[in-house]
Amino acid sequence: VIPDRLRRLIQLLSRLPGVGEKTAQRYALYLVTEASGLAADLAVELAELGKRLGTCERCGNLAEVRDDGSVVCEICLDRRRDPALLCIVGRVQDLFAVERSGAMRGRYFVLGRLLSPLDGIGPEDLPLDRLRARVRADGVKEVIVATPPSVDGEATALWLARELGREGVAVSRIASGVPHGGDLEFSDQITLGRAISGRRNIDTPR
Ligand SMILES: [Zn+2]
């Protein structure tokens with residue numbers, strides 16, 4: 001009874017995180033029946049996003065594509081930020097979470113993924129060269145690793161401490177408080193702010 005095109009929309013919506021088949025159907029029906037221009041607005045925005053939204057060349061944050069085709073985010077352009085302090089996160093969502101806490105006065109670097117031996121993701125899959133270039137170009141002195149408190153997050157933090165320690169950079173890790181296995185994204189601002197101010201140096205065997 002459901003037309004193919006509507007079924008297609010339901011399938012697409014159900015691929016969103018936290019959206020099951022039923023919710024997807026509710027959203028799809030809302031879009032095509034209640035309207036109020038939402039479907040048209042969404043269509044325009046989504047089409048524009050593909051063209052106008054890119055990844056910051058310096059840090060990996062999301063940012064608008066500029067007229068000359070370059071992409072540099074607001075945070076990287078903000079001169080009030082301390083260039084010598086760099087916060088490394090796994091995903092853009094985590095950058096947003098740390099930024100919401102208001103506790104970070106430096107800039108960021110988004111790894112894009114975490115080390116995960118079980119999933120076959122090794123150091124060669126992480127953008128170490130880009131990170132090193134960034135550290136050298138900006139004269140970074142301190143790195144705060146804000147990867148999630150999971151096995152992969154810890155492994156990534158240790159690896160970063162070793163690699164960046166060789167560059168003469170002090171590497172610290174956000175303190176506990178964010179529940180183990182928890183998502184930075186869902187930590188409240190105060191907890192995350194405390195985790196950042198209570199960061200600890202990572203000791204690495206040389
Ligand atoms: Zn940036």
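A residue counts as buried when its relative accessible area is under 20%. The exercises below apply this term to a predicted model.

**Exercise 1.** Determine what percentage of the residues of the protein count as buried, and how much area the protein exposes.

**Exercise 2.** Describe the secondary structure and the overall dimensions of the protein.

*Solution.* Step 1: the protein contains 8 helices and 7 strands. Step 2: along the principal axes, its C-alpha atoms fill a box of roughly 65 × 40 × 35 Å.

**Exercise 3.** Identify which residues of the largest nonpolar core touch the most other members, and which elements contribute to this core.

*Solution.* Step 1: in soluble globular proteins, nonpolar side chains tend to be buried together. Step 2: the largest nonpolar core has 26 residues, of which V98 and I174 touch the most other members. Step 3: two or more residues of this core come from each of helix 4 (74–77), strand 3 (82–89), helix 5 (92–101), strand 4 (106–110) and helix 8 (189–197). Step 4: helix 5 gives the largest share, 4 residues. Step 5: another core, of 21 residues, lies apart from this one and includes F109, L128, V143 and W159.

**Exercise 4.** List the contacts of V98, leaving aside neighbours within four places in sequence.

*Solution.* Step 1: contact requires heavy atoms within 4.5 Å. Step 2: V98 is then in contact with C87, V89, A103, M104, Y108, A146, L184, L192 and I196.

Conventions:
Residues are numbered from 1 along each chain as its sequence is written. This is a predicted model: local features need pLDDT of at least 70, side-chain atom pairs count only at pLDDT 80 or more; totals for chains, interfaces and linings use all residues. Side-chain values use heavy atoms; hydrogens and water are left out. Buried means under 20% relative accessible area, exposed over 50%, partly exposed in between (1.4 Å probe, protein chains only). Accessible areas come from the Shrake-Rupley method with a 1.4 Å probe; for residues, only the protein chains shown count as cover. A nonpolar core is a set of buried Ala, Val, Leu, Ile, Met, Phe, Trp, Tyr and Cys residues joined through side-chain atoms within 4.5 Å.
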